[in-house]
Amino acid sequence: MALQLRPHGKCTYSIQNNIVIIEAEGPWNLEFFVEMHKDLRQIIIENLDINDYKILVVFKGNALSVQDGLDYHLNNVKLGKAKAIACSLEFSNNPSFTQMLFEKVYDEALLENRFFTTTTEALQWLEKTGEDT
């Protein structure tokens, strides 16, 4: 019988224009990513243009994940239709390592991504991304 773990980490969601803003505090386990993607799918379906949305992630605290969580996240990101993701490292306790982990995921998923030292810069980049298309 498999051991059921409780999600480690937490996140909150908000929407600005057609951008989902996720404030995520780690560290995270697989169960966190399962719950997060379930919630995120519902938010996108109910509130956004599913074919034209972007994501801003504000990493907070120990923004680290176990490998099975990152693998699950990668598989779900590949299935998503986000146009781009901006990641703010402003509140991360380990910004370089966080960027290394998640840049690999988003690059492998072929999702346009950038990392920023401030949330304001990340949001500004997202708002301009895709304007000329």
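Contact here means heavy atoms within 4.5 Å. All views below show a predicted model.

View 1. Leu40 touches Tyr13, Val20, Ile22 and Ile55, with residues up to four places away in sequence left out of the list. The relative accessible area of Leu40 is 8%, and this residue is therefore classed as buried, the limit for that class being under 20%. Pro95 lies 55 residues from Leu40 in sequence, and the C-alpha atoms of the two residues are 23 Å apart in space.

**View 2. The largest pocket of the model, with about 460 Å³ of space.** The lining is made up of 27 residues, and those closest to the centre of the pocket are His37, Leu40, Ile44, Ile55 and Asn76. Two or more lining residues come from each of strand S2 (19-28), helix H1 (30-47), strand S3 (54-65), helix H2 (67-79) and helix H3 (95-108). Helix H1 gives the largest share, 8 residues. Sorted by class, the lining holds 21 nonpolar, 4 polar and 2 charged residues.

**View 3. The open sheet of 5 strands.** The strands follow the order S1-S2-S3-S4-S5, and their pairing is mixed. Strand S1 (10-16) and strand S5 (113-116) stand at the edges; each has a single partner strand, so one side of each has no neighbour in the sheet. From one strand to the next, the twist averages 20°. In general, strands of a sheet pair through backbone hydrogen bonds, in either a parallel or an antiparallel manner.

**View 4. Pairing of strands S2 and S3.** These two strands run in the parallel sense and are joined over 9 bridges.

**View 5. The cis peptide bond between Gly26 and Pro27.** Omega of this bond is about 10°. Pro27 is part of strand S2.

**View 6. Asn17, a residue other than glycine with a positive phi.** Phi of Asn17 is near 55°. Asn17 is placed in the loop between S1 and S2. With a relative accessible area of 63%, Asn17 is exposed, because that class begins over 50%.

**View 7. Leu110, with a positive phi although it is not a glycine.** Phi of Leu110 is about 60°. The loop between H3 and S5 contains Leu110. Leu110 has a relative accessibility of 78% and therefore counts as exposed.

How values were computed. Residues numbered from 1 in each chain as written. Predicted model: local features only at pLDDT ≥ 70, side-chain atom pairs only at ≥ 80, totals over all residues. Heavy atoms only, no water. 1 Å grid on protein atoms, 1.4 Å probe; cavity = no way out; pocket = protein on both sides within 12 Å on 5 of 7 lines; lining within 4 Å. Points joined across faces, edges and corners; volume = space filled by probe spheres on them. Helix = DSSP H or I, 4+ residues; strand = E, 2+ residues; numbered from the N terminus. Nonpolar A, V, L, I, M, F, W, Y, C, P; charged D, E, K, R; others polar. Pairing = 2+ DSSP bridges. Axes fitted to C-alpha atoms, helices over the stretch in contact; angles between N-to-C directions. Buried < 20%, exposed > 50% of the residue type's maximum accessible area, 1.4 Å probe, protein only.
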